Amino acid sequence: MVTAMGTKVISIFDAIGEVSYLILKTMVALFTPPFRFKDFVKQLNFVAVESAPVVVFCVSFAAMVTIIEASFHMKMVIQNDAMVPGFSSLLIIRELGAVITALLVTSRVGAGLAAEVGTMQITEQIDALKMLGIEKIRYLVVPRFLACVIAGFTLTIIANLVCLYCAMLVSQFKLGYTFGNFLVGMRTFVQFQDLVFSSIKGACFGAVIPIVSCYYGFKCKAGAEGVGLATTNSVVTSSVSILILDFLLSWIFSFFY
Amino acid sequence: MIVEFKNVVKSFGDRQILKGISFGIQEGEIVFILGTSGTGKSVTLKTLVGLLRADSGEVWIDGENVTHFKEKDYLPIRKKCGMVFQHPALFDSLSVYENVAFGLRKHYNLSEEEIHKRVTKCLDLVNIHNVEDKLPQEISYGMQKRVSLARTVAVDPKILLFDEPTTGLDPITTNAVNQLILNLSHTLKTTSLVVSHDMHCALDIADKIIVMDQGEIVARGTPEEMKSCEHPLVKDFLKEALDVH
């Protein structure tokens, strides 16, 4: 049992070392030529543009649920939901927009990425790249990394705006607060730095997705089961990492208030 | 010797795949490595070009000891070596034409016209026509393997490594591939190291045959010497080759 635990601990440290190495190599390749602009644009289209409809659709419902639930609980506890527009908009901007967007992008893009890189790994395409003198990290990871960071940043801003708009609609038609009341409430609670921190969170979450997905893709074992496992591990690890990173960033940002 | 393995050992976890193998290949030779599945043939090829690293022993290519090369040091070595993988290993997002042109664009400063000429010539060599604009997944497996061969040959490697190049191919294409290996060796003095199960092909075109079993070399020699070899595995391979053909 002690041996098994030791092996597990060693494998965890191995994985941390490998992910750190992947991050380091990605950072070096990100700032040194040759740059793969065409691949980056293609990935940006896939990650940002093609993810936008599903992100907009899902976050709008999440925002509506948030404001309805907030109103329900405030009425129950303090018999008054006057602060709901302010609280909801603060919650939306500081957490909901960035986190839900990141989790949606993880399930859509991260799973696809791990499957794509994993398939390349087991069908020897990555070995073929090496034989042709192409660095796998520069060719596969860097364009996806950059695309996911920019997509995380922009999709979070879009998600925040859509969430606020949907919350305003619910506030107007269900709770009886006009758009004006909502904006005044929001102005009281929300500061400009909340918007900035939210976008930074989005970019950081975006960075997690390609690193984790490519890591599991590169480690993919042969066969359909191997690709399936790489995909599952990638989505689970990315989601958990995003939530832990969310806590760490929220804690760090709390020093700026 | 253009390629030399000296007592190379390679393990995956507790399992030793190569148990101290040694062999050498002269320039222009065609050497076949035969053996049953899982005996370390593909591992030998990959260890040669640094896709896998030897645990101990030495690997020499073209007079250089590459055993402890860093990844970036392998670039000029890999330019000298072309490898046809067990899978076609074509890049899914690129057309057949772009797959073959990929290495040319990377390593040579050629005009589009020169690239076109070279790609067309290489596709002709493997008898591939009218599918240049198709994606790999839109053509048959056999065609994918031939395109993979064309991509490897396109960059004019000095040493060609084949990992089961004819597996999954029809007999006519198999003969064409074997003929191509022979032609490249005769006309361009290309050295070929072929991993295969096919003793019949080996007897036809190899200068030297190496037989591996469970990570060890159990027999080696010219095709004529192999025909009189008494090792049971070699005899099995010979029997199968004679039964089939």
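How many salt bridges are there between chain B and chain A? The count is 2, in a model that is predicted.

View 1. One salt bridge joins the side chains of B:Lys46 and A:Asp127, with an N to O distance of 3.3 Å. On the side of chain B that touches chain A, the elements giving two or more residues are α2 (74-80), β6 (81-84) and α3 (96-107) of chain B. Of these, α3(B) gives the most, with 4 residues.

View 2. The size of an interface is often given as the accessible area lost when the parts come together. Chain B and chain A bury about 1700 Å² between them. Carbon and sulfur atoms carry 63% of that buried area. Chain B brings 23 residues to the contact, and chain A brings 14 residues.

**View 3. A nonpolar patch on the surface of chain A.** The patch is formed by A:Val236, A:Val240, A:Ile244, A:Phe247, A:Leu248, A:Trp251, A:Ile252, A:Phe255, A:Phe256 and A:Tyr257. Together these residues have about 1100 Å² of accessible area.

**View 4. A:Val236, one of the residues of the nonpolar patch.** A:Val236 lies in helix α9 of chain A, which spans residues 223-253. The relative accessible area of A:Val236 is 47%, so this residue is partly exposed. Patch residues have over 30% relative accessible area, and A:Val236 is above that cut-off at 47%.

Notes: Residues numbered from 1 in each chain as written. Chains lettered and ligands numbered in written order. Predicted model: local features only at pLDDT ≥ 70, side-chain atom pairs only at ≥ 80, totals over all residues. Heavy atoms only, no water. Patch = residues over 30% accessible without salt bridge, like charges linked within 9 Å, V, L, I, M, F, W, Y side chains within 5 Å. Areas by Shrake-Rupley, 256 points an atom, 1.4 Å probe, with all protein chains shown as cover. Salt bridge = Lys/Arg side-chain N within 4 Å of Asp/Glu carboxyl O. Buried < 20%, exposed > 50% of the residue type's maximum accessible area, 1.4 Å probe, protein only. Contact = heavy atoms within 4.5 Å. Buried area = accessible area lost by both parts, 1.4 Å probe.
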